[in-house]
Amino acid sequence: MKTRTSLLTAAVLVAGLAVGPSVLPAAASAPAVPTAASTAAPSPGPALEAAIAGLPRADATAALVRVGGKEGVWRGSSGVHDLKTGRPADPAARFRAGSVTKVFTAAVALQLAQEGRLDLDRSARSYLPELIPAPYAGVTVRQLLNHTHGIPAPDFPGTTVEEAYANRFQVHDPEDMVRSATSKKREFAPGERQHYLNIGYTVAGLLIERVTHDSYERQVARRVLGPLGLRNTYLPGSAPRIAGPHNHGYQTMRLDDGTTGLRDVSVWRATDGWAAGDIISTTADLERFTEALFKGRVVRGPLLEEMFTLPEVTDFGTGEPAAYSVGLSMKVLGGREVWGKTGGRWGYNAAIASTRDGSRTLVYSVNSTDAKGQGMNRTAESIMVAAYGRP
């Protein structure tokens, strides 16, 4: 099994974090303060203040929020940098963005499709014949990206958060994860249903490497991070620590003395996520990325519509209509379509979102104590509803 090392180039990591002039930290015990009133629509500021007030609390220790777009701007933060010192959360901190990584991976894949180097209608097996077995020969690149491939999840050691924590430094090789997944019976015929899983994006990362003869990490840096000036965003490889300033993440779990409490989970290898979920970023960088993406500056031309086209199938588990496109997902909030992507790693939840016309964008990071739980974190859900309205 090969080990993938961290790629921390000067183009990706810099010594300091740039703090925007309108970013104001809030004290841990005080509500966040808006920094600019909306000029085109009612400001979500009061609702956002309420959503992140009173941190730390049981479900979250910190929250960083940026709202932008033509309808106005709002910035706020709340909570603590860490529970030991109790000092206020750093609004410019880096954090684990989890499955927001998929948007970057999808963008690179669509750029390669635009260049004619990757065919969305071609089978993944035709690119990776030694890795994708015959039972999955019908899976196309597009189906990998919109979760209609039918490939089950790979096996990982343990099923509980405590077991995951015990194995937090294990290095997971993407090819081994694909072999584990494709050794199983497919969940459904390709294109028949939708099931949101990481494995399609693991394969997509390997496809990017195959057609570019380069590492996935360098392609993301060269095609997205560098051109957009996302200097505080990087892919950590096998490095377990978040480089640079960051607010600590905590997870509720069983402790060594048998009680249930919070454990600091800031140091954790994310190789199980790789091209599906290992990116580290800041709210400022993700806001810049979101604005550029929705304006067609990342994926150009007709292929951008792949990110705003839901497959006409139903969800594998619920029977509801498909909610995931290539890279993004869609929810109707406050009576309008909101496109974006949430992500979760232990101790951290994050999201990017925007209306299709870019009139209101949202980026948040929540240091959640129940990340990867069954439902949406309460603070994160309150932020989303405050920004856009209820479903």
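R57, D59 and R378 are linked in a network of salt bridges, a salt bridge being a side-chain nitrogen of Lys or Arg within 4 Å of a carboxyl oxygen of Asp or Glu. The model is predicted, so local features need pLDDT of at least 70 and side-chain atom pairs count only at pLDDT 80 or more, while totals for chains, interfaces and linings use all residues. Residues are numbered from 1 along each chain as its sequence is written, and side-chain values use heavy atoms, with hydrogens and water left out.

**The R57–D59 pair**

- D59 is buried, at 8% relative accessibility (buried means under 20% relative accessible area, exposed over 50%, and partly exposed in between, with a 1.4 Å probe and protein chains only).
- R57, by contrast, has a relative accessible area of 23% and is partly exposed.

- E175 and R179 meet through their side chains in a salt bridge of 3.5 Å, N to O.
- Both residues lie in helix α6 (residues 174-182), where a spacing of 4 residues separates them by about one helical turn; helices (H or I, at least four residues) and strands (E, at least two) are DSSP runs, numbered from the N terminus.
- E175 is partly exposed at 21% relative accessibility, and R179 is likewise partly exposed, at 42%.

**The D256–R263 pair**

- In the salt bridge between D256 and R263, the closest N and O atoms are 3.3 Å apart.
- D256 is exposed, with a relative accessible area of 75%, whereas R263 is buried at 16%.

- T233 belongs to the loop between α8 (216-228) and β5 (250-254).
- This residue, T233, is buried, its relative accessibility being 0%.
- The side chain of T233 makes a polar contact of 2.7 Å with that of S281. A polar contact is a pair of N or O atoms within 3.5 Å; within protein, one must be able to donate a hydrogen and the other to accept it, and residues adjacent in sequence count only if both atoms are side-chain atoms.
- A polar contact of 2.8 Å also joins the side chains of T233 and D285.
- Although 138 residues separate T233 and F95 in sequence, their C-alpha atoms are 9.3 Å apart in space.
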